[in-house]
Amino acid sequence: MKWRHKAFVQNIISKLPERLSYDLYYRTQRKWGGLKSFNPSSRMVAGSETIKRIIDAGQSPVGGDFFEVGTGRVPIVPMTYWLLGANSTVTVDLNPYLKNELVNEALKFMLENRSICGDILGSNLIMKRLDSLLDLASSDHVSTDEFLDLCSIKYLAPGDASQTDIDDGAIDFHTSYT
């Protein structure tokens with residue numbers, strides 16, 4: 001889709017009532033956009049690259065608490081942080097875009113592509129955590145809450161990243177995929 005057409009469609013959808021616009025925007029993305037065939041690997045790469053940058057800067061993400069802005073449809077980056085040793089991630093988004101359907105698709109992708117995921121995550125991967133995640137993924141249907149709980153992710157949406165109840169000094173790393 002050309003960017004002008006995309007912008008036109010997004011502007012029309014944004015004028016609709018919030019609940020309707022969220023659903024229509026999601027359906028549009030699934031039919032014609034970037035969610036037509038969902039693959040979480042690019043966000044796993046981004047999360048893994050962030051961890052590598054933290055390590056290259058002389059810090060250790062292991063046991064760290066993360067704050068991520070801009071969750072999107074599936075918190076793949078926070079999941080990646082957890083798989084690579086993070087203690088927890090608070091993730092905030094202005095809009096409640098998270099979709100359980102996509103959480104399950106991401107988990108199914110990981111279950112079917114374990115070796116690709118292992119290659120993406122590299123030597124910092126905590127295998128016990130990946131095994132736990134893939135055990136969860138082997139269920140017929142995983143709830144978003146089960147996924148978030150396992151990966152120690154606190155999801156705040158709709159939320160304002162500048163207005164949280166997080167204590168000063170409670171966050172070790174602040175990130176955003178964008």
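1. Accessible areas here come from the Shrake-Rupley method with a 1.4 Å probe. On that basis, the accessible surface of the chain comes to about 10,200 Å², and carbon and sulfur atoms hold 50% of this surface. The structure is a predicted model, and the points below should be read with that in mind.

2. Overall make-up. The chain contains eight helices and four strands. Along the principal axes, its C-alpha atoms fill a box of roughly 45 × 40 × 30 Å.

3. Burial and contacts across the chain. Of the 178 residues, 40% are buried. Among contacts with a separation of 6 or more, 72% are between residues 24 or more positions apart.

4. The packing of H5 and H7. How do helix H5 and helix H7 cross? H5 spans residues 100–112 and H7 spans residues 127–137; their axes come within 9 Å and cross at roughly 115°. The crossing of H5 past H7 is left-handed. On the H5 side, the residues taking part are Leu107, Met110 and Leu111, and they meet Leu130, Leu133, Leu134 and Ala137 of H7. Sorted by class, this contact has seven nonpolar residues, with no polar and no charged residues.

5. Lys108. Helix H5 also holds Lys108. With a relative accessible area of 49%, Lys108 is partly exposed, because that class lies between the limits of 20% and 50%. Lys108 and Pro158 are 50 residues apart in sequence, and their C-alpha atoms are 27 Å apart in space.

6. Apart from neighbours within four places in sequence, Thr28 is in contact with Val9, Ile13 and Gly33. Gln10 lies in helix H1 (residues 3–14) and is partly exposed, at a relative accessible area of 29%.

7. Glu49 in helix H3. Glu49 is placed in helix H3, which covers residues 41–56. A relative accessibility of 35% makes Glu49 partly exposed.

8. Backbone geometry at Ser152. Most residues other than glycine have a negative phi, and most peptide bonds are trans. Two places in this model deserve a reader's attention on that account. The first topic is Ser152, whose phi is near 55°, a positive value in a residue other than glycine. Ser152 is found in the loop between helix H8 (144–150) and strand S3. At 29% relative accessibility, Ser152 counts as partly exposed.

9. The cis peptide bond at Pro158. Which residues does the cis peptide bond join? The bond links Ala157 and Pro158, with omega at about -5°. Pro158 sits in the loop that runs between strand S3 (153–156) and strand S4 (173–175). Its relative accessibility of 61% places Pro158 in the exposed class, for which the limit is over 50%.

10. Surroundings of Pro158. Not counting residues up to four places away in sequence, Pro158 touches Asp93, Leu94 and Pro96. Exposed as Pro158 is, the residue thus has these contacts with another part of the sequence. The C-alpha atoms of Pro158 and Lys52, 106 residues apart along the chain, are separated by 30 Å.

How values were computed: Residues are numbered from 1 along each chain as its sequence is written. This is a predicted model: local features need pLDDT of at least 70, side-chain atom pairs count only at pLDDT 80 or more; totals for chains, interfaces and linings use all residues. Side-chain values use heavy atoms; hydrogens and water are left out. Axes are lines fitted to C-alpha atoms, for helices over the stretch in contact, and angles run from 0 to 180 degrees between N-to-C directions. Helices (H or I, at least four residues) and strands (E, at least two) are DSSP runs, numbered from the N terminus. A crossing is left-handed if the near helix is turned anticlockwise from the far one by less than a right angle, and right-handed if clockwise. Contact means heavy atoms within 4.5 Å. Ala, Val, Leu, Ile, Met, Phe, Trp, Tyr, Cys and Pro count as nonpolar, Asp, Glu, Lys and Arg as charged, and the others, Gly among them, as polar. Buried means under 20% relative accessible area, exposed over 50%, partly exposed in between (1.4 Å probe, protein chains only).
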